[in-house]
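I opened this notebook page to keep track of what I looked up in one structure.

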Amino acid sequence: AAAGPALEGGHIRCGMRAAEGAIDRVTFSEEDGWHYRVIGGGYPRGLCGSGVIDLTAALLKSGWIDRYGTIIDKGEDLTIAIQKGSDGAELVLRDPNGNWPAPIIFSQEDIRQVQVAKAALRTAVDLLMEKAGLTADRIQHIYLAGAFGNFLDPANLVALGLLPQVKLDIIRPVGNAAASGAAAALLSTAKRQEASRIQACINYVELANLDNFQTRFIEQMNF
């Protein structure tokens with residue numbers, strides 16, 4: 001499903017690729033507060049895709065945004081403040097220890113970009129499940145492929161609604177599945193035959209041609 005670039009840091013105010021200086025992990029708990037992990041261990045320059053997902057989930061959990069994606073003013077604290085930006089409210093993330101040279105901004109428009117991406121992917125998941133006659137409780141495995149998928153937190157994917165409500169232990173990152181599959185097919189006749197059998201029973205679903213895609217897409221905009 002075409003989800004746009006938001007989940008890879010694109011069209012995000014402080015978005016960037018997963019390189020040195022990118023926040024790639026965000027956690028929040030009432031006991032320990034906010035924690036940010038930066039690739040390379042230095043000061044943050046922006047948010048990569050996994051950081052965007054983690055941050056959005058943490059903001060939802062901590063009450064800084066509601067299920068509609070709207071920023072909630074909880075009052076300024078040591079790590080987050082709200083300011084007025086050109087596109088509406090903006091969350092200003094700050095180092096709990098006061099060492100960051102510059103704050104990281106996460107705006108209302110950034111959150112909307114995440115919602116659009118989430119809605120596209122989740123609508124695709126739900127429609128494919130319907131086509132296959134499956135319900136969430138019958139899914140046995142969910143594999144997260146690619147370098148990006150390898151760094152996503154399954155709990156946050158479920159919390160935001162990117163994935164249905166499933167048991168977290170069935171969600172597993174598998175890294176570069178395309179390259180692994182290509183290598184297996186090159187090295188094994190049996191694997192090539194298995195791939196051919198799988199290909200023969202795959203059905204392609206053109207989401208844009210489904211009458212209820214737009215309606216379902218709008219329904220999935222909320223977290």
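The entries below begin with the helix pair and then turn to the side chain.

Entry one. I note at the outset that this is a predicted model. I looked up helix α5, which covers residues 177-187, and helix α6, which covers residues 189-200, and found that their axes come within 5 Å and cross at roughly 120 degrees.

Entry two. I then asked which residues make the contact: on the α5 side I listed A184, A185, L186 and L187, and these meet T189, K191 and R192 in α6.

I checked the length of α6, whose 12 residues reach 17 Å from the first C-alpha to the last, close to the 16 Å expected at 1.5 Å a residue. At the start of α6, I found a side-chain oxygen of S188 within 3.3 Å of the backbone nitrogen of A190.

Is E90 buried or exposed? I located E90 in strand β5, residues 88-93, and its relative accessible area is 6%, which is under the 20% cut-off, so E90 counts as buried. The side chain of E90 has a polar contact of 2.6 Å with that of R13, and another, of 2.8 Å, with that of Q83. Leaving aside neighbours within four places in sequence, I also recorded contacts of E90 with residues including I71, A81, I82, G85, I105, F106 and S107.

Key: Residues are numbered from 1 along each chain as its sequence is written. This is a predicted model: local features need pLDDT of at least 70, side-chain atom pairs count only at pLDDT 80 or more; totals for chains, interfaces and linings use all residues. Side-chain values use heavy atoms; hydrogens and water are left out. Axes are lines fitted to C-alpha atoms, for helices over the stretch in contact, and angles run from 0 to 180 degrees between N-to-C directions. Helices (H or I, at least four residues) and strands (E, at least two) are DSSP runs, numbered from the N terminus. Contact means heavy atoms within 4.5 Å. The expected span of a helix is 1.5 Å times one less than its number of residues. A polar contact is a pair of N or O atoms within 3.5 Å; within protein, one must be able to donate a hydrogen and the other to accept it, and residues adjacent in sequence count only if both atoms are side-chain atoms. Buried means under 20% relative accessible area, exposed over 50%, partly exposed in between (1.4 Å probe, protein chains only).
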